[in-house]
Structures are given as C-alpha cells and as structure tokens.
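Here is a short note for a colleague who is meeting this structure for the first time. Keep the model open while reading the points below.

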Amino acid sequence: MDTLNLIKSRRSVRKFTKYVIPRCTIEKILESGRWAPSGLNNQPWRFMVLESGGKDELAEYTKYSQIIKNADKIILVFIDKKASYNYEKDLMAIGACIQNMLLYIHSQKLGACWLGEILNKRDEINKLFKLNDNLQLQAAIAMGKPATHLKQGKRKNLENLILKRYKLQAASHKLL
Ligand SMILES: Cc1cc2nc3c(=O)[nH]c(=O)nc-3n(C[C@H](O)[C@H](O)[C@H](O)COP(=O)(O)O)c2cc1C
C-alpha cells in the first residue's frame, strides 16, 4: 500500500478480537514512535505498555473502559517534563510520535484508538502506577486485531482547508 493510502485507510478501532500482539510487534510499534521528529531532537516521549492486569486497573479511570478492557494491549504515552524544552513544541512532537505508532499499527493489519478523554484522570493514573510527577500522561493507545472491517473515514474538503492563494488543480485531489 502506498503511504497516502495507508494514511487515508487508517481508522480508529474500538473493538478487537482475542488476538495477542506478539512482543516483537509491540517493540516495533514503540520503535516507530521513537523515530518521530522532535524539537532539538529532545525525544520527550515515554511509554508504558499495559497488559491484562494493568489494563483492567486503568479502565476504572475512563468512560471508555470497554475499549480498554477489550483491547489486547495499551500504550500509555507520557511527556517527560524534565526532557521538555518548549511545552507546546514538545506536545506537537508527542502527537507525531503517536501518529507514527498508529500508522505502523495499521500497516501491520492491527488496529488502534487514540484515547484522550482519559487525561481527565491523569493525576490519579500517575498515583495508580506510582509514577513521578515529571511524567504527564498525553494519551492512551488501545490496540489489538480489529474485530470488524474498517469503514471509510470522513474529512473536510481540501478546498475548505486552504486559506488563500494556492489554487488546487481542477478536482485532482478528489481523485487521490
Ligand atoms: C487527541 C485525540 C483524542 C481522542 N480521544 C478519543 C477518545 O477519548 N475516545 C475515542 O473513542 N476516540 C478518541 N479519539 C479518536 C477520534 O475520535 C478519531 O480519530 C476521529 O473521530 C477520526 O476518526 P478516525 O481516526 O477513524 O479517522 C481521539 C483522537 C485524538 C487525535
């Protein structure tokens, strides 16, 4: 699959089969995150992988508990505030890191959902896992083998996103 098709066909997956993601695949997913760009190459991301026990404990802290319980594994992504040089730019780098992982997961015919609502309980989650205050939760990524086919996604038209001056080639983007 070419890269644009990979990007466009990725969907948030919220229902998973019982398939167990092998450890070597988990490590490649983390590797894809590790190679994201970051300001000053400061790599502010830190990861925590949760399997059965930890997953069930985490599920108590979100209204999306079913997604978490149903997923094979969860990757918690934190910013390490000690490694941070500019909070705003570091958060952008964390976003790039997460998207790298989502795309790699999709490329392996696995599925994932980026969960943000859980950040409402980030302090409690730090206490649960006895984590230092320097680590601030930025996302939980629920992942596993998709239980259903991926649907087509919806996005705004490109014309409505470009502010001015650049003229799109006649309808060419619609063919992509
Ligand atoms: C920052 C962020 C937070 C999100 N939080 C949640 C969430 O808490 N629960 C959820 O089910 N989906 C969450 N999503 C997934 C979005 O709902 C999803 O990406 C969006 O609807 C587009 O659908 P797609 O990913 O299938 O293309 C989040 C996505 C992002 C980028």
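**Notes on the model**

1. The shell around the ligand holds 4 nonpolar, 3 polar and 3 charged residues. Here Ala, Val, Leu, Ile, Met, Phe, Trp, Tyr, Cys and Pro count as nonpolar, Asp, Glu, Lys and Arg as charged, and the others, Gly among them, as polar. The shell consists of Arg11, Ser12, Arg14, Tyr64, Cys113, Trp114, Leu115, Gly116, Glu117 and Gly153.

2. A word on the source. This is a predicted model, in which local features need pLDDT of at least 70 and side-chain atom pairs count only at pLDDT 80 or more, while totals for chains, interfaces and linings use all residues. Residues are numbered from 1 along each chain as its sequence is written.

3. The overall fold. The protein has 7 helices and 4 strands. Helices (H or I, at least four residues) and strands (E, at least two) are DSSP runs, numbered from the N terminus. Their order along the sequence is α-α-β-α-α-β-α-β-α-β-α.

4. Overall dimensions. Along the principal axes, the C-alpha atoms fill a box of roughly 55 × 40 × 30 Å.

5. Of the 176 residues, 27% count as buried. Buried means that 20 or more other C-beta atoms lie within 10 Å of the residue's own; exposed means 12 or fewer, and partly exposed is in between, with C-beta atoms placed from the backbone. Two residues are in contact if their C-beta atoms, placed from the backbone, lie within 7 Å. Among contacts between residues at least 6 apart in sequence, 79% join residues at least 24 apart.

6. How do the strands pair? Strands E1 (45-50) and E2 (73-80) pair in the antiparallel sense over 6 bridges. E2 and E4 are antiparallel too, over 8 bridges. E3 and E4 pair in the antiparallel sense over 5 bridges. Pairing requires that DSSP finds at least two bridges between two strands.

7. Leu50 has Ile74 of E2 as its bridge partner. Asp80 stands opposite Leu135 in E4. Leu115 is partnered by Ala140 in E4. Leu115 also belongs to the ligand's surroundings.

8. E3 is mostly covered, with 4 of its 5 residues buried.

9. Helix H5 (residues 87-107) has 21 residues. It reaches 30 Å from its first C-alpha to its last, close to the 30 Å expected at 1.5 Å a residue. The expected span is 1.5 Å times one less than the number of residues. Its buried residues include Asp90, Ala93, Ile94, Cys97 and Met101. The buried residues of H5 pack against H1, H2 and strands E1, E2, E3 and E4. Lys109 follows H5, and its phi is positive, near 60°.

10. Which residues does Ile29 touch? Ile29 lies in helix H2. Leaving out residues up to four places away in sequence, Ile29 touches Met101, Tyr104 and Ile105. Ile29 is buried because 24 other C-beta atoms lie within 10 Å. Its C-alpha is 9.1 Å from that of Leu103, 74 residues apart along the chain.

11. Phe16 sits in the loop between helix H1 (3-9) and helix H2 (23-34). Is Phe16 buried or exposed? Phe16 counts as buried, because it has 24 C-beta neighbours inside 10 Å. Beyond residues up to four places away in sequence, its contacts include Asn70, Asp72, Gly111 and Lys145.

12. Two further loop residues need a check of phi. Gln43, in the loop between H2 and E1, has a positive phi of about 50° although it is not a glycine. Gln43 is partly exposed, with 18 other C-beta atoms within 10 Å. Lys130 lies in the loop between helix H6 (122-128) and E4. Lys130 is not a glycine either, yet its phi is positive, about 55°. Lys130 counts as exposed because it has 6 C-beta neighbours inside 10 Å.

Note on methods: A residue is near a molecule or strand if its C-beta atom, placed from the backbone, lies within 6 Å of it.
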